[in-house]
Amino acid sequence: MAFAFVLLGEGSDGQPVPMVRTVVEGDTSCPVLRDRAGATLSALAPRQRPDGGQFDQVMVCEARYPVGQPGNVQIAGLSIDLPVVARDTPRRIVLLGDSGCRGQAERKPQSCVGDGYDRMWPFGTISMEGAHDQPDLIVHVGDYNYRGTPRSIVLPRSATGYAQDLRVNVFDTGDLDDEDDEPRIPIGPAYWSQNMQGSPIPDNWANWRDDFFIPSSRLLVAAPWILNRGNHELCSRAGPGWFYLLDAGSPLLGPGRRQNACPPQTPAGWQPGAWPSSPMPFAGQPFPTEPKPPMRLRLGGLNIIAFDSSDAGDAAIYALDHYVAQYRSVAAMLAEDTTPTWIVTHRPIWGVVKKDHGVAAGDAPYGFINITQQVALATVFPNGLPPHLTAVIAGHMHRFQATGFGGRRPPQLVVGTGGMELSHVQPVPSPDDPKRPIRVPDFAGATGYVVGLSDFGAMVMRVGERGAWTSALFGTTGETLATCDSTWPGQGSGRSVCELR
Ligand SMILES: [Fe+2]
């Protein structure tokens, strides 16, 4: 198995840096990047493997990638043509998220083979449709690896030294992304990681390969990618693979830049088979999740800020100081550059969820997430977001949810519909007019108009003039499920940003 793709990172000079990565099973050396005529452009260098042996069978290499010129790599007997990276504004941007497959979970098991495999990856259709009109950018909003990131693990006696096996919940910052799981709002004082010593299921290459690389292999070479981090990529879950395979962090970005890695996931001094009698890993300490600062990509007439919200509690305020600082960085970026800007944040800022899965909204039959980002935004932007922030793009909720606001708050698109088992539509649509937007008063201080769908799909966005944009949500057979226009919402319009078809 061998894969290659181009991703964008933010250079230390503030300019976007395209990079090629190769991901090859069983290889021990790195390939060269060639132009389409076969001339060598550069040699790829190895990325640093995570410790622990779970990625020893795969070799990840990288190099800077040229602008305006297509490349080629020859790996494992394959000749892989790579896309052209343009310097101007992207014209056609594919959004997708929450693309993994859960497998034989206790609740809502999902087939990850055969027909289920096609269903799990609806984007082949869009890639085919796009053969005449290729995307020039692909944005993944996060959550790539579900089958390797279960909710709980059983630590064996050999790891702990206890008389009995120990079942623990893996840390996920109060994750409420799946409405069919029991809500787990309290975050708790302890941090349990599937990557601690003695774990029966440390993050590993095979799960990454099967959940992301194989099903996306066609789309991987269709356009350069912006890869955003989801909560399944926390260090307690699939974080080691995230930093090795997909995160943009790299010395290629310039002075002071490096590849990030997960910190040790076992507290210092814990010996195999001799753990403390009342284990509370990392209690009273910052949890070792390796949060990343926002990454701004200046793409001609559009800036995209990729925001790591993996550690932001959905319905319980968590790591608020960290997220206030992160949004202060966003505010500084927005203040210094008034180019139309989209923010991509895995956990939605303004999500409507099942009632018992979010912060209660008075008597309303639904709840709200993500309280941590809402409070951080209210702290950093007391007078609201600036008008050149023209879209908030998220996933995390396994459904399509589009919100337009009655004031000048930017609209939000949630596209967590890339393959994970879907959740129900919230707020529940009106039975006599199911396509009508639901008015949500007092949506973190504004009035929202929300439409939603429980269908698999990906969104294609087109950039217009002066910050305007349009988009369409495509289903698994290429049908248009919704169309959107940034100019529809606003004071007195009563419209959402999208209309269901
Ligand atoms: Fe998520």
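Is His346 buried or exposed? At 0% relative accessibility, His346 counts as buried. Keep in mind that this is a predicted model.

I start with His346 because it is buried, and it is also one of the residues that coordinate the iron ion. The others are Asp143, through OD, Asn231, through OD1, and His396, through ND1; His346 itself uses NE2. These contacts run at 2.1 to 2.2 Å. Along the sequence, the spacing of the donor residues reads D-x87-N-x114-H-x49-H. Take Asn231 and His346: they are 115 residues apart, and the pair links distant parts of the chain. Asn231 sits in the loop between strand S13 and helix H6, and His346 in the loop between strands S16 and S17. Asn231 also counts as buried, because its relative accessibility is 0%.

Now the geometry. The angles among the four donor atoms span 86 to 168°, and the site is irregular.

Next, the aromatic rings. There are 24 aromatic pairs. In one of them, Phe3 and Phe213, the ring centres are 5.4 Å apart and the planes meet at 45°, so this pair is tilted. Phe3 belongs to strand S1 and Phe213 to helix H4, 210 residues apart. Both of these residues are buried. A second pair, Tyr191 and Phe282, is edge-to-face, with 5.6 Å between centres and 90° between planes. Those two are 91 residues apart, each in a loop. Tyr191 is buried at 0% relative accessible area, and Phe282 counts as buried at 9%.

Ring pairs also join up into a cluster, whose members include Phe3, Phe213, Tyr144 and Trp242.

Last item: Arg409 lies over the face of Phe405, 4.6 Å from the ring centre.

Note on methods
Residues numbered from 1 in each chain as written. Predicted model: local features only at pLDDT ≥ 70, side-chain atom pairs only at ≥ 80, totals over all residues. Heavy atoms only, no water. Donors = N, O, S within 2.8 Å, 3.2 Å for Na, K, Ca; no water. Tetrahedral: all angles 85-135°; square planar, octahedral: opposite > 155°, others 65-115°. Helix = DSSP H or I, 4+ residues; strand = E, 2+ residues; numbered from the N terminus. Buried < 20%, exposed > 50% of the residue type's maximum accessible area, 1.4 Å probe, protein only. Phe/Tyr/Trp six-rings, centres within 6.5 Å; stacked < 30°, edge-to-face > 60°. Lys NZ or Arg CZ within 6 Å of the ring centre and 35° of its normal.
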